[in-house]
Amino acid sequence: MKKIKVILLICFCLLLTGCQKEESAEAPREITIGFAQAGTESNWRKVQNQSITDELEKQNYQVMYRNSFSDPKQQFQDVMTFIAYQVDLIILSPIQEIGWEPILEEAKEAKIPVIIVDRNIATNRSDLFLTHIGSSFKAQGGRAGLYVTNHFQKMEKEAIDVFEIKGTENTSPTRLRHDGFTETVGRDPRIQITQTITGDFIRLKAKEEFSKAIDAGKLEGIDVLYSHNDEMTLGALDALEEHKLENKFVIVSIDAQKEMIDLLKQRKINCVVECNPFMGELVANTVMRYFAGKTISEDIYVSDTVFSDQNSLSTIPPRNY
């Protein structure tokens, strides 16, 4: 009788162990996402960063985060680190367009899919990444240009001169915001970009460069100040204030941060084209679709809008960035 009890006890333990092994085998493996961020040079970038990280963590993905602080070489190294670590997927917010093909080929050989967010990369190899998620920068430039053409449509001016503050060279927002703007204002032969500086999307850099332009007398005859992002617009306004100059320009900016919307409501600027930083939900949904084996579009666009002195400013929702 005792032998039978012992045998039954052993069988029960073996059965319990087998169940535990079966449950362990069925437990989902933790998925690790490598997120290579361009930097945190603005409130816009900080919000975009938080949006993506929060939404991924809500879906119980483990996020390995790297901030390159606007250093392209550091970002190349960050992505190579993800590849060496063998993460399950890489999310890349690239600083610059060029130089990515060799690195993404490494990711492809390692069978690690890549999602590009915000800025794009320069490549004809669509097989090197799953999709691009972000705004249409060319459309943003076009919206800025449309405001300018509409503003001067009924004014009898022989020439309309534009001072352009461009972002960082070799980046998709700089190239496409310029192209979209020039193509749109090109419908009115009076409108020409006559002065250009580069502010690298940074407030202090734009202030320094705009101050040099003021000292060199390059604001003479300028009608429009078109800036590729709010931080650089704010830098130009800082320079005007420091030189005790009155703002006499039509000002068009891109991003729609809170500080810029406040200036729009005060009628100190004319138009702000939104660049929506809240792309986290789109990113997380795309990641889930990939791991579920579903089809993913080649480009996924974030919805943007335009705020200007031609609309009711009281309807603009509160900004938290």
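The questions and answers that follow concern a predicted model.

Q: How many cavities of 30 Å³ or more are there, and what volume does the largest cavity have?
A: Rolling a probe the size of a water molecule over the atoms shows where empty space is left. By this rule the count is one cavity of 30 Å³ or more. The volume of the largest cavity is about 120 Å³.

Q: Which residues are closest to the centre of the largest cavity?
A: The largest cavity has a volume of about 120 Å³. It is lined by 13 residues, and those closest to its centre are Trp44, Arg45, Arg119, Arg177 and Asp255.

Q: Which elements give two or more residues to the lining of the largest cavity?
A: The lining of the largest cavity is made up of 13 residues. The elements that supply two or more of them are helix H2 (43–58) and helix H6 (172–185).

Q: How do the lining residues of the largest cavity divide into nonpolar, polar and charged?
A: Arg45, Arg119, Arg177 and Asp255 are among the residues closest to the cavity centre, and under the classes used Asp and Arg count as charged. Over the whole lining, the division is five nonpolar, two polar and six charged.

Q: Is Gln37 buried or exposed?
A: Gln37 lies in strand S1, which covers residues 32–37. Buried means under 20% relative accessible area. Because its relative accessibility is 0%, Gln37 counts as buried.

Q: Which residue has a side chain joined to that of Gln37 by a polar contact of 3.3 Å?
A: Not counting residues up to four places away in sequence, Gln37 touches residues including Arg45, Gln48, Tyr65, Arg66 and Ser93. The side-chain partner in the polar contact of 3.3 Å is Ser93.

Q: How far apart are the end C-alpha atoms of helix H8 (residues 230–242)?
A: Helix H8 has 13 residues, and at 1.5 Å a residue they should span 18 Å. The separation of the end C-alpha atoms agrees with that, at 18 Å.

Q: How many of the 13 residues of H8 are buried?
A: Among the buried residues of H8 are Asp230, Met232, Leu234, Leu237 and Leu240. H8 is largely enclosed by the rest of the structure because the number of its residues that are buried is 10 of the 13.

Q: Which residues are in contact with Gly235, leaving aside its neighbours within four places in sequence?
A: Gly235 is found in helix H8. At 0% relative accessibility, Gly235 counts as buried. Its contacts, with those neighbours left aside, are Arg203 and Lys207.

Conventions
Residues are numbered from 1 along each chain as its sequence is written. This is a predicted model: local features need pLDDT of at least 70, side-chain atom pairs count only at pLDDT 80 or more; totals for chains, interfaces and linings use all residues. Side-chain values use heavy atoms; hydrogens and water are left out. On a 1 Å grid over the protein atoms alone, a cavity is a set of points where a 1.4 Å probe fits but cannot get out, and a pocket is an open set with protein on both sides within 12 Å along at least five of seven lines; lining residues have an atom within 4 Å of a point. Grid points are joined across faces, edges and corners, and a volume is the space filled by probe spheres set on the points. Helices (H or I, at least four residues) and strands (E, at least two) are DSSP runs, numbered from the N terminus. Buried means under 20% relative accessible area, exposed over 50%, partly exposed in between (1.4 Å probe, protein chains only). A polar contact is a pair of N or O atoms within 3.5 Å; within protein, one must be able to donate a hydrogen and the other to accept it, and residues adjacent in sequence count only if both atoms are side-chain atoms. Contact means heavy atoms within 4.5 Å. The expected span of a helix is 1.5 Å times one less than its number of residues.
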